[in-house]
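Dear colleague,

I am handing over the structure we spoke about, with the sequence alongside. Please have both open while you read the notes that follow.

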Amino acid sequence: MKRQSLYLSNETAIITGAGNGIGKALAFEIAAEGANVFLVDSEAQKLGDTVSELKAKGYPANAGVIDLSLADSAQQVFRQAHAAFGPIHMVVHSASPPRREADTWRTVTSDTWDAMYHVNVKSGFELARLVGQHMIDEGITGRMVYLTSLHAHTPRNLPHYATSKAAMLMLVKEMAKAWARHGIRINALTPGAIAAGGFKPAGDLALKIPMQRLGSAQDVAAMGLTLLIDRFSGYVTGTEVVVDGGLSVFNWFDPVQ
Ligand SMILES: NC(=O)c1ccc[n+]([C@@H]2O[C@H](COP(=O)([O-])OP(=O)(O)OC[C@H]3O[C@@H](n4cnc5c(N)ncnc54)[C@H](O)[C@@H]3O)[C@@H](O)[C@H]2O)c1
């Protein structure tokens, strides 16, 4: 039977990190299912380009250039999104500062450490708390997706990044437990090696992936959309969905194919 309506009609999503990569791909997926999208990024040019591309397709999009490493930035996100579109039904938190290989345990600066934690964990928490309370007050059965990493479980040689992603995973579980009785779901979405902008693959990495290719932003966005649609994930909360082509089951005993 032909589907008559889109899955996310008359709803609004906030998407952080929407100027690039996975956040941008998710903005297009969500908008294509009928939702208004409010995009957040610290990079004005990339954000403006994304909004223009969405509008060119006829999708309702608005945006705020907001640096999530600064105090009160989550409050700004909520205020601006609500002013633009009214009630909020979904949050995707994809923003994360650049992962630089030079930022090892020896060299990472205090400012770099703080920015990573502020964007990923503190703003992530404050945005979740504000929007979660709003959803409870308005009786909205909302959904949230937070981008974590395989390095929430395994070291990355970037201690500020890996530990912040581990913290995000527990944040997801905390909020899922607190909100489940209100019908609000939140899950972690864990990309593997995704050639999406923020990750620069080196060497023969693709050969270590059982599916023998790097992932795309689209691969991750499709699963993110699934986690936002009750029809497909209505009984899924507080968990982590890994999109990695099998990378996390790579066995170092195996010869590289
Ligand atoms: N690409 C991968 O292979 C991969 C793997 C594991 C996890 N992830 C996670 O997925 C998410 C998206 O990854 P990506 O590769 O698309 O990243 P990306 O670097 O392409 O995009 C991240 C976006 O966040 C924005 N941003 C950075 N600092 C910000 C700040 N202070 N305030 C607001 N916006 C800010 C950037 O401008 C950028 O547009 C991230 O959370 C990342 O940690 C990605």
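Helix α2 (residues 44-56) lies across β2 and β3 and runs at about 175° to β3, where helices (H or I, at least four residues) and strands (E, at least two) are DSSP runs numbered from the N terminus, and where angles run from 0 to 180 degrees between N-to-C directions, with axes being lines fitted to C-alpha atoms, for helices over the stretch in contact. Helix α4 also packs on the sheet, touching β1, β4 (90-93) and β5 (143-147), and its direction makes about 180° with that of β4; residues are in contact if their C-beta atoms, placed from the backbone, lie within 7 Å.

Please keep in mind that this is a predicted model, in which local features need pLDDT of at least 70 and side-chain atom pairs count only at pLDDT 80 or more, while totals for chains, interfaces and linings use all residues. Residues are numbered from 1 along each chain as its sequence is written.

The sheet itself is open and has seven strands in the order β3-β2-β1-β4-β5-β6-β7, with parallel pairing (two strands pair if DSSP finds at least two bridges between them). Because β3 (61-65) and β7 (240-243) stand at the edges with a single partner strand each, one side of each has no neighbour in the sheet. From one strand to the next the twist averages 15°. Strands β1 (residues 12-16) and β2 (residues 36-41) pair in the parallel sense over five bridges, and Thr16 stands opposite Val40 in β2.

Turning to the helix pairs, the axes of α4 and helix α5 (residues 159-179) come within 9 Å and cross at roughly 10°, which means that α4 is roughly parallel to α5 (angles under 35 degrees count as roughly parallel, over 145 as roughly antiparallel, 65 to 115 as roughly perpendicular and the rest as oblique). Their contact has 12 nonpolar, six polar and one charged residues, where Ala, Val, Leu, Ile, Met, Phe, Trp, Tyr, Cys and Pro count as nonpolar, Asp, Glu, Lys and Arg as charged, and the others, Gly among them, as polar. The axes of helix α3 (residues 73-85) and helix α4 (residues 110-138) come within 8 Å and cross at roughly 40°, so α3 is oblique to α4.

Finally, of the 27 residues around the ligand, Gly17, Gly21, Ser96, Gly197 and Gly198 come nearest (near means a C-beta atom, placed from the backbone, within 6 Å). Helix α1 (residues 21-32) gives the largest share of this shell, three residues.

With best wishes

Conventions: Contact = placed C-beta atoms within 7 Å.
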